[in-house]
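Subject: Structure handover

Hi,

Here is the structure I promised you. Please open it alongside this note; what I found follows below.

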Amino acid sequence: GSQMYKDNQEKMQSKTLQETKKVVKAGIESSFKIIDAMVEAGLLFVAEVTVATAEVIEHTHGGDAGAVAKGAGEIVTNAAKAGANLRHVGLTPLAKRAILGTTIDMLGTEEEKKALHEGKSKETDTAR
């Protein structure tokens with residue numbers, strides 16, 4: 001058993017594997033950036049659609065109806081922003097930390113693992 005562990009440790013330290021680890025970690029981090037960018041694009045889309053809708057209503061039904069539509073559009077846009085902001089205080093950051101933490105535990109260098117575990121102990125100390 002211990003020889004197999006030693007052999008595995010040697011394989012884990014190979015240059016090719018180290019480079020592969022870097023690519024995997026970068027891919028995971030990039031996927032979170034893409035998700036965040038998609039949320040931002042969605043918010044921009046919602047804002048633009050509500051403004052365009054209000055302009056069409058104002059053109060077809062008059063100023064009062066347009067003003068109501070603009071107000072409703074602002075409510076929709078703000079609600080979408082609030083929903084997106086909840087991602088940053090809820091499950092998404094927790095999932096990010098868990099995924100990145102597990103990735104570092106599995107693929108990280110000894111320095112990265114040490115930094116990760118020091119950060120965890122600091123979080124635990126401040127939570128008490």
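A residue counts as buried when its relative accessible area is under 20%, and as exposed when that value is over 50%; anything in between is partly exposed. Thr50 has a relative accessible area of 14%, so Thr50 is buried. Keep in mind throughout that this is a predicted model.

**Overall picture**

The protein chain has five helices and zero strands. Read from the N terminus, the order is α-α-α-α-α. The chain has 128 residues, and buried residues make up 13% of them.

**Helix α2**

Helix α2 covers residues 15-61. Does its length agree or disagree with what 1.5 Å a residue predicts? The 47 residues should span 69 Å, and the end C-alpha atoms are 68 Å apart, so the two agree. The buried residues in α2 are Gln18, Lys21, Lys25, Phe32, Leu43, Thr50 and Ala54. After α2 comes Gly62, which has a positive phi near 105°.

Start with Thr50, which sits in helix α2. What does Thr50 touch, beyond residues up to four places away in sequence? The answer is Gly73, Val76 and Thr77. Thr77 belongs to helix α3, residues 63-89. Thr77 is also buried, at a relative accessible area of 11%. Seen from the Thr77 side, with neighbours within four places in sequence left aside, the contacts are Val46, Ala47 and Thr50.

Ala52 is another residue of helix α2. Is Ala52 buried or partly exposed? Its relative accessibility is 38%, so Ala52 counts as partly exposed. Ala52 and Gly73 are 21 residues apart along the chain, and their C-alpha atoms are separated by 9.4 Å.

**Salt bridges**

How many salt bridges does a search of the whole structure find? It finds two.

One joins the side chains of Glu19 and Lys22, at 3.6 Å from N to O. Both residues lie in helix α2. They are three residues apart, about one turn of the helix. Glu19 has a relative accessible area of 36%, so Glu19 is partly exposed.

The other joins the side chains of Lys70 and Glu58, at 3.5 Å from N to O. Lys70 lies in helix α3 and Glu58 in helix α2, so this pair ties together parts that are 12 residues apart in sequence. Lys70 is partly exposed, with a relative accessible area of 40%. Glu58 is partly exposed too, at 34% relative accessibility.

**To recap**

Best wishes

Conventions:
Residues are numbered from 1 along each chain as its sequence is written. This is a predicted model: local features need pLDDT of at least 70, side-chain atom pairs count only at pLDDT 80 or more; totals for chains, interfaces and linings use all residues. Side-chain values use heavy atoms; hydrogens and water are left out. Helices (H or I, at least four residues) and strands (E, at least two) are DSSP runs, numbered from the N terminus. Buried means under 20% relative accessible area, exposed over 50%, partly exposed in between (1.4 Å probe, protein chains only). Contact means heavy atoms within 4.5 Å. The expected span of a helix is 1.5 Å times one less than its number of residues. A salt bridge is a side-chain nitrogen of Lys or Arg within 4 Å of a carboxyl oxygen of Asp or Glu.
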